[in-house]
Amino acid sequence: MRPRQISVFVENRTGRIGEVTQVLGKAGVNIRAVSLADTHDFGIVRLIVNDVDRAMQILRQEKFTVMETEVIAVEIPDEPGALSGILELLGTESVNVAYLYGFTEIKTGRAIFIFRFEETMHAVKVLEAKGVKMLDGNTLHGM
């Protein structure tokens, strides 16, 4: 199972992201990683959480507009140049990255990057062929 990301569409106003995190916290949903992309009028909060189904349910109950997306989680060494190496590999194989965000995993001393690709299957084949470690959904959501 691939990792699942939640995208929450919010109006760009003070406190709106806090409302998302408060709703999730009260429901016992733990946020593992978060990214925010914004425009003048709205933002997209992308989340990796420990319980995707619960998060989707509670956010919809609270009238948030949410969407679930499969993503690819790549584990790399937490050292200078590691991400650059992955991006170079992908670029050499004409894999276009739609967006990415990351975090470090203290237990392993590794960095985890969440990728969304235009052509996911092509990206997965390239990463597998080069021996890049990808995390399944259970591993990522259970961190």
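Leaving aside its neighbours within four places in sequence, which residues is Glu75 in contact with? The points below take up this question and then turn to the helices of this predicted model.

1. Surroundings of Glu75. Glu75 lies in strand β5, which spans residues 72-77. Once its neighbours within four places in sequence are set aside, Glu75 contacts Thr108, Arg110, Ala111, Ile112, Lys133 and Leu135. The relative accessible area of Glu75 is 9%; since buried means under 20%, Glu75 is classed as buried.

2. Surroundings of Val20. Val20 belongs to helix α1 and is buried, its relative accessible area being 1%. Apart from its neighbours within four places in sequence, Val20 has contacts with Val8, Val10, Leu47, Leu59 and Phe64. Between the C-alpha atoms of Val20 and Glu79 there are 32 Å, and these two residues stand 59 residues apart along the chain.

3. Geometry of α1 and α2. Two packed helices are described by the angle between their axes and the distance between the axes. Here, helix α1 (residues 16-26) and helix α2 (residues 52-61) have axes that come within 10 Å and cross at roughly 125°. The crossing in which α1 passes α2 is right-handed.

4. Residues at the contact of α1 with α2. From α1, the residues involved are Val20, Val23 and Leu24; they meet Ala55, Ile58 and Leu59 of α2. By class, the contact comprises 6 nonpolar residues, with no polar and no charged residues. Val20 thus takes part in the contact with α2 and is itself buried.

5. In helix α3 (residues 82-92), the buried residues are Ala82, Ile86, Leu89 and Leu90. These residues lie on the same side of α3 because they cover an arc of only 95° around the axis. An α-helix has 3.6 residues a turn, so residues three or four places apart point the same way. On the other side of α3, the residues Glu88 and Thr92 are exposed.

6. Cover and end of α3. The buried residues of α3 are covered by elements including β5, β6 (97-105), β7 (110-117) and α4 (120-129). Strand β5, which is part of this cover, is also the strand that holds Glu75. Just after α3, Ser94 adopts a positive phi of about 60°.

Note on methods: Residues are numbered from 1 along each chain as its sequence is written. This is a predicted model: local features need pLDDT of at least 70, side-chain atom pairs count only at pLDDT 80 or more; totals for chains, interfaces and linings use all residues. Side-chain values use heavy atoms; hydrogens and water are left out. Axes are lines fitted to C-alpha atoms, for helices over the stretch in contact, and angles run from 0 to 180 degrees between N-to-C directions. Helices (H or I, at least four residues) and strands (E, at least two) are DSSP runs, numbered from the N terminus. A crossing is left-handed if the near helix is turned anticlockwise from the far one by less than a right angle, and right-handed if clockwise. Contact means heavy atoms within 4.5 Å. Ala, Val, Leu, Ile, Met, Phe, Trp, Tyr, Cys and Pro count as nonpolar, Asp, Glu, Lys and Arg as charged, and the others, Gly among them, as polar. Buried means under 20% relative accessible area, exposed over 50%, partly exposed in between (1.4 Å probe, protein chains only). The arc is that of the directions from the helix axis to the C-beta atoms.
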